[in-house]
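Please examine the sequence and the three-dimensional structure shown here.

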Amino acid sequence: MKVVLVDDTHINLVLMSRLVDKLQDVSTISFQSAREALAWCNAHPYDLLIVDYMMPDMNGLELIARLQAPADQRPPVLMVTASVDVDVRHRALENGASDFLIKPIDKVEFLARTRNMLALRSATLGLQHRASWLAEEVAKATAELRAREQETIMLLCRASEYRDPETGAHIQRMAHYSRLIAEQLGLPEEQQQDVLNAAPMHDIGKVGTPDHILLKPGRLDPDEMAVMRQHAGIGYNILKDCQARMLQLAAEIALTHHERYDGTGYPRGLAGEAIPLVGRIVAVADVFDALTSVRPYKSAWSMEDARQHLLDNCGGHFDPRCVDALLQRWDDVQEIRARFRDEPGAATAHG
């Protein structure tokens, strides 16, 4: 451990240095100039500052008051003074002094107080290191948990691909569009990432849709559409009992991404802000990408036509804020579209 000694009298520095040298694993650095000591302490780590009160260029009170480290993070300060003035002690304590020694120095008392201050410093550093270690361990455990959650989502998505021929590119695009909207709306970074990771689960309920409906090469009749619409509730029921936060969010998305802002959607006919925000976000992202993708019953729309469709249906199908958020980031939308291209000949099923 390192002890800084500050006294304008050389003999006092020699005496204190020799006394501190008796302590195991402790070294000293001495200054006769308070200003030089202050500059060194503000630039280097140390474990104890022993400083005289009365010095010509700067007194001990000024020195400890000008230390840059916050008081609750500062190493202990032992002030040496010939003054018995209570006001001096009070001011020293207010400025961050931990203890006092009265001149002339008693060797036994000096060593005892120095040892106690260093023990205090060692204990404080130990607590700080433990707190830092615990924070790192919590961060690791949280990262591992989120990785397991994401792995579960990807496995479920892979399983659903055997039932629903939606391309992986569609899932990637709509998930990234969803994050883009969340970011533009000002959601925290962690929530943006959750939206990105959970959005691919929006149609997981299609695993419960019969093949003759899911894969029909044409538009569905009213009875078939009623069966198709059950996928929102099926997806919710698959995911709702999982305690993982991301899968809870995925359950909410599965249930609400077909609700419409004007209340004419399904399965519950929610309207406006009664629809969870993530549902409103994914509704815009999913429909926008579906419009610009090839389906068994339609060809792909142009980006501009899909953009106009969103504008034409603001306040009806879509939350105007979510539409505006996506269109405000049009350059990023086009970059996502270019990055995640469909394979030639790919076609998707009914949405």
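Is Asp 289 buried or exposed? Asp 289 counts as buried, because its relative accessibility is 0%; here buried means under 20% relative accessible area, exposed means over 50%, and partly exposed lies in between, with a 1.4 Å probe and protein chains only. The model is a predicted one, in which local features need pLDDT of at least 70 and side-chain atom pairs count only at pLDDT 80 or more, while totals for chains, interfaces and linings use all residues. Residues are numbered from 1 along each chain as its sequence is written, and side-chain values use heavy atoms, with hydrogens and water left out.

Five strands form an open sheet with parallel pairing, in the order β2-β1-β3-β4-β5. Strands are DSSP runs of E with at least two residues, helices are runs of H or I with at least four, and both are numbered from the N terminus. Two strands pair if DSSP finds at least two bridges between them. In general, strands of a sheet pair through backbone hydrogen bonds, either parallel or antiparallel. In this sheet, β2 (27-31) and β5 (99-102) stand at the edges; each has a single partner strand, so one side of each is left without a neighbour in the sheet. Neighbouring strands are turned by 20 degrees against each other on average, direction ignored. Axes are lines fitted to C-alpha atoms, for helices over the stretch in contact, and angles run from 0 to 180 degrees between N-to-C directions.

Strand β1 deserves a separate look. β1 (residues 2-6) pairs with β2 in the parallel sense over five bridges. Within this pairing, Val 4 stands opposite Ile 29 in β2, and Leu 5 stands opposite Ser 30 in β2. Four of the five residues of β1 are buried, so this strand is largely enclosed by the rest of the structure. Helix α2 (residues 34-41) lies across β1, β2 and β3 (48-52) and runs at about 155 degrees to β1; contact means heavy atoms within 4.5 Å.

The charged side chains come next. Side chains of opposite charge can pair when their charged atoms come close. A search of the whole structure finds 18 salt bridges, a salt bridge being a side-chain nitrogen of Lys or Arg within 4 Å of a carboxyl oxygen of Asp or Glu. One of them joins the side chains of Lys 103 and Asp 7 at 3.6 Å, N to O. This pair links distant parts of the chain, 96 residues apart: Lys 103 is in the loop between β5 and α5 (107-161), and Asp 7 is in the loop between β1 and α1 (10-20). Lys 103 counts as partly exposed because its relative accessibility is 26%, whereas Asp 7 is buried, with a relative accessible area of 2%. A network of salt bridges links Asp 7, Asp 52 and Lys 103.

Asp 289 also takes part in a salt bridge, its side chain meeting that of Arg 337 at 3.2 Å, N to O. The two partners are 48 residues apart, with Arg 337 in helix α15 (residues 330-339) and Asp 289 in helix α12. A further salt bridge joins Asp 332 and Arg 329 at 2.7 Å, N to O. Asp 332 is partly exposed at 30% relative accessibility, and Arg 329 is buried at 18% relative accessible area.

Glu 259 lies in the loop between α11 (245-256) and α12 (277-291). Leaving aside residues up to four places away in sequence, Glu 259 touches several residues, including Tyr 266, Arg 268, Ile 275 and His 317.

The cysteines complete the picture. The structure holds zero disulfides, a disulfide being a pair of cysteine sulfur atoms within 2.5 Å. For Cys 314, the nearest cysteine sulfur is that of Cys 322, 9.7 Å away. Cys 314 is partly exposed, with a relative accessible area of 32%, whereas Cys 322 is buried at 0% relative accessibility.
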